[in-house]
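The entries follow the order in which I checked them.

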Amino acid sequence: MNTKLTLTIEEEVIKTAKEYAKEKGQSISDLVENYFKLITRDRREILPEQLSPRIQRLRGIMTIDDDFDYKEVLTEELSKKYG
């Protein structure tokens, strides 16, 4: 369900945001909503139906151990690559 929100923003910021939105083929509302989603991601539970179809197809195709430390693996691989 969508709800209206009134924001007070500097005129120059709005102008630049409108230009950016037009270049990206989005509305200002889409930009604001996506930004809010980004900054509140760790506070929300994302339901499977909220994911894009592409991401939904990817879910569950890989499994990893609970103790997998991606930072450790990343560090090792970067060390191999860059010495």
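For residue classes I count Ala, Val, Leu, Ile, Met, Phe, Trp, Tyr, Cys and Pro as nonpolar, Asp, Glu, Lys and Arg as charged, and the others, Gly among them, as polar. The model is predicted, so local features need pLDDT of at least 70 and side-chain atom pairs pLDDT 80 or more, while totals for chains, interfaces and linings use all residues. Numbering runs from 1 along each chain as its sequence is written, and side-chain values use heavy atoms, without hydrogens and water.

Entry 1, largest pocket. A pocket here is an open set of points on a 1 Å grid over the protein atoms alone, where a 1.4 Å probe fits, with protein on both sides within 12 Å along at least five of seven lines; lining residues have an atom within 4 Å of a point. Of its 17 lining residues, Leu7, Ile28, Ser29, Val32 and Glu33 are the closest to the centre. I sorted the lining into 12 nonpolar, 3 polar and 2 charged residues. Helix α2 gives the most to this lining, with 7 residues.

Beyond neighbours within four places in sequence, Ala17 is in contact (heavy atoms within 4.5 Å) with Ile28 and Leu31. Ala17 and Leu31 lie 8.5 Å apart, C-alpha to C-alpha, and 14 residues apart in sequence.

Note on methods
Helices (H or I, at least four residues) and strands (E, at least two) are DSSP runs, numbered from the N terminus.
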